[in-house]
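The following questions and answers examine how the elements of one protein chain are arranged. Please consult the sequence and the model as each point is raised.

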Amino acid sequence: MSRIPTITDKAPAPLPVFNQAIVANGFVYTSGSIAQDPATGEIVDGDIQAHTHRVIQNLSAVLEASGSSVNDVVEVSVFLADMGDFAKMNEVYQTYWGDIKPARTCVAVKTLPANTDVEIKCVAVVSKPWRIQTKL
C-alpha cells in the first residue's frame, strides 16, 4: 500500500510529528483541524460557530490538496470541549454537506489543542487524483 502525504499552504501548517493528510488506497485521511488562521497560525476570533466555519474551511483546503472535497467525505469525527456547543456547531456543520451526509461521531473531550472548543477530522474518497499536492 502506498501512502502519500499531502500539504497545502491554504490550511495551517502541520507540526513536524504529523501531516495535514495522507492519501492511501483511494481515500484521504485528514489530521484533526482546529480553528487556526492559515496565515497567522492563531485561533480565529469568535464563538463556536466562527470556529466551526474556520475548521471546515481548513479541512476543505486539505481535501482539495488531496484530490478530494467536502462532497467526497464519508466519515467525520467531531471533538468538542463542551457538549453544550453541539447545537451551534451542528448549525454550521450541516451547511457544508449536501444531500448525502457523511457518517459522523461527535464526542466531548476534556481539552483540545490550543485550548480551543472544536476539532474535526475526516475521511474522504479521492475523486481527483491528478490534483494531489505533495509539495508547497
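Contact here means heavy atoms within 4.5 Å, and angles run from 0 to 180 degrees between N-to-C directions. The model is a predicted one.

Q: Across which strands does helix α2 lie, and at about what angle does helix α2 run to β5?
A: Helix α2 comprises residues 86–93. The strands that α2 lies across are β4, β5 and β6. Relative to β5, the helix runs at about 150°.

Q: In what order do the 6 strands of the open sheet stand?
A: The sheet is open, and its pairing is mixed. In general, strands of a sheet pair through backbone hydrogen bonds, either parallel or antiparallel. From one strand to the next, the twist averages 15°. The order is β1-β2-β3-β6-β4-β5.

Q: Which strands stand at the edges of the sheet?
A: An edge strand here has a single partner strand, so one side of it is left without a neighbour in the sheet. This applies to residues 3–6 and to residues 103–108. The edge strands are therefore β1 and β5.

Q: Which residue in β6 is the bridge partner of Phe27?
A: Strand β3 spans residues 27–30 and β6 spans residues 118–125. These two strands run antiparallel and are joined by 3 bridges. In β6, the partner of Phe27 is Val125.

Q: Which strands does helix α1 touch as it packs on the sheet?
A: Helix α1 covers residues 48–65, and its direction makes about 30° with that of β6. The strands touched by α1 are β1, β2, β3, β4 and β6.

Q: Is Thr52 buried or exposed, and what is its relative accessible area?
A: Thr52 is found in helix α1. Leaving aside neighbours within four places in sequence, Thr52 is in contact with Met89, Val92, Tyr93 and Val118. A polar atom of the Thr52 side chain also lies 2.7 Å from the backbone oxygen of Ile48. Thr52 counts as buried because its relative accessible area is 0%.

Q: What is the phi of Asn25?
A: Most residues other than glycine have a negative phi. Asn25, in the loop between β2 and β3, is not a glycine, yet its phi is positive. Asn25 is exposed, with a relative accessible area of 57%. Its phi is about 50°.

Q: Is Asn115 buried or exposed?
A: Asn115 has a positive phi of about 55° although it is not a glycine. Its place is in the loop between β5 and β6. With a relative accessibility of 66%, Asn115 counts as exposed.

Note on methods:
Residues are numbered from 1 along each chain as its sequence is written. This is a predicted model: local features need pLDDT of at least 70, side-chain atom pairs count only at pLDDT 80 or more; totals for chains, interfaces and linings use all residues. Side-chain values use heavy atoms; hydrogens and water are left out. Two strands pair if DSSP finds at least two bridges between them. Helices (H or I, at least four residues) and strands (E, at least two) are DSSP runs, numbered from the N terminus. Buried means under 20% relative accessible area, exposed over 50%, partly exposed in between (1.4 Å probe, protein chains only). A polar contact is a pair of N or O atoms within 3.5 Å; within protein, one must be able to donate a hydrogen and the other to accept it, and residues adjacent in sequence count only if both atoms are side-chain atoms.
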